[in-house]
Amino acid sequence: MTVRVGVLGATGAVGQRLIQLLEPHDDFEIAALTASDSSAGKTYREAAKWRVDSPIPESVAEQTVTATDPDEVPDDVDLLFSSLPSSVGEAVEPAFCEAGYVVSSNSSNARMAADVPLVIPEVNADHLDMLEVQREERGWDGALVKNPNCSTITFVPTLAALADAGYELETVHVSTLQAVSGAGYDGVTSMEIIDNAIPYIGGEEDKLETESRKLLGSFDGASIEQEDFEVAASCNRIPTLDGHLENVFVGAAEELTPEDAAAAMREYPSLDLPSSPEPLIHVFDEPDRPQPRLDRTLGGGMAVAAGGFKQTGLGLQYNCLSHNTIRGAAGASVLNGELLLSEGYL
């Protein structure tokens, strides 16, 4: 049976991408759209300045946008996808969970909370069971699950593939080359980014360094023990529209050759969920791939691409890439929604 869903923050860039992915989805029916008070009462067509690379869905265009308030969302909506600014999400997401709604959120607030599962389904689907602890501790009928930052999502599946193949990771250094869409439509002006690169993105390095260790940690049924390898990140904004490219250096306890790393990533499994691509990690033999313009839409934008494997004095080096607003944001939330459905949380 189709699950009735809503989108919190539906008029923003990630909200629009969520609608693009949800409208044709076989398991989900868009039944509620929320935004700021200034948009409430308008049709979605009136409220949203549509910027996604496909026409606004007619089935959604005439729906009425409501305020982002639990009292404004129909009781028969089972799942909410949140793309709210973190300051807003911090205030209102718990209220929706208290009201009985299950929330799959892309917002950065509460990602590192001890009882909030931070999930990439192909990497740590078992962490979803933390919801039982969350409900008991908070007294919620609803639940809150998070997907990680768009840059974290890019390199963590590649690390998971190496760990799954039996390699003990000791150090990880990652330098990101992040697309301007990751900052939102108004985030970086043309005068800042054209003919330029910005070697700092506020708060981003900490997200890569902390979220990756939580994602790759172990869940014992009561809590998540984070991995203890060292992670250091440097984050840079570059003038590409979509697609985060990352240069990764991995030190392992065992010998880790480029050939073994590439094989581990090729063999790392996908999941039997509608939005999980096959293969999950697309491995290139060419030294100059992946590239954002050429490879960001692999697997419908849900795949991670890797290539440029070589041995260095700092260990294994490789490059990886994913589409930051699909796999890194809206698509990640949809995939978590599919996992919630398959695991019986809806």
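## Overall make-up

Helices and strands are taken here as DSSP runs, helices of at least four residues and strands of at least two, numbered from the N terminus. In this predicted model, the chain holds 12 helices and 14 strands. Its radius of gyration is 19 Å, close to the 20 Å that the globule rule gives for 346 residues, so the chain is as compact as a globular protein of that length. Along the principal axes, the C-alpha atoms fill a box of roughly 60 × 50 × 35 Å.

## Burial, contacts and surface

Of the 346 residues in the chain, 56% are buried. Among contacts with a separation of 6 or more, 75% are between residues 24 or more positions apart. The chain has an accessible surface of about 14,400 Å², and carbon and sulfur atoms account for 47% of that area.

Strands of a sheet pair through backbone hydrogen bonds, either parallel or antiparallel.

Strand β4 covers residues 79–82 and strand β5 covers residues 102–105; the two run parallel and are joined by 4 bridges. On the β5 side, Val103 is the bridge partner of Leu80.

## Aromatic pairs

The model has 4 aromatic pairs. One of them joins Tyr44 and Trp50 edge-to-face, with 6.2 Å from centre to centre and 75 degrees between the planes. Tyr44 is buried, with a relative accessible area of 0%, whereas Trp50 is partly exposed, with a relative accessible area of 21%. The cut-off for buried is under 20% relative accessible area, so the 21% of Trp50 puts this residue in the partly exposed class.

Phe96 and Tyr101 also form a pair. Their ring centres are 5.9 Å apart and their planes stand at 65 degrees, so this pair is edge-to-face. Phe96 counts as buried at 0% relative accessibility, and Tyr101 is buried as well, with a relative accessible area of 4%.

## A charge over a ring

Arg51 places its charged end over the ring of Tyr185. The distance from that charged end to the ring centre is 3.3 Å.

Key. Residues are numbered from 1 along each chain as its sequence is written. This is a predicted model: local features need pLDDT of at least 70, side-chain atom pairs count only at pLDDT 80 or more; totals for chains, interfaces and linings use all residues. Side-chain values use heavy atoms; hydrogens and water are left out. Rings of Phe, Tyr and Trp (its six-membered ring) pair if their centres lie within 6.5 Å; planes under 30 degrees apart count as stacked, over 60 as edge-to-face and the rest as tilted. Buried means under 20% relative accessible area, exposed over 50%, partly exposed in between (1.4 Å probe, protein chains only). A charge sits over a ring if NZ of Lys or CZ of Arg is within 6 Å of the ring centre and within 35 degrees of the ring normal. The radius of gyration is taken over C-alpha atoms; the globule rule is 2.2 Å times the number of residues to the power 0.38. Contact means heavy atoms within 4.5 Å. Accessible areas come from the Shrake-Rupley method with a 1.4 Å probe; for residues, only the protein chains shown count as cover. Two strands pair if DSSP finds at least two bridges between them.
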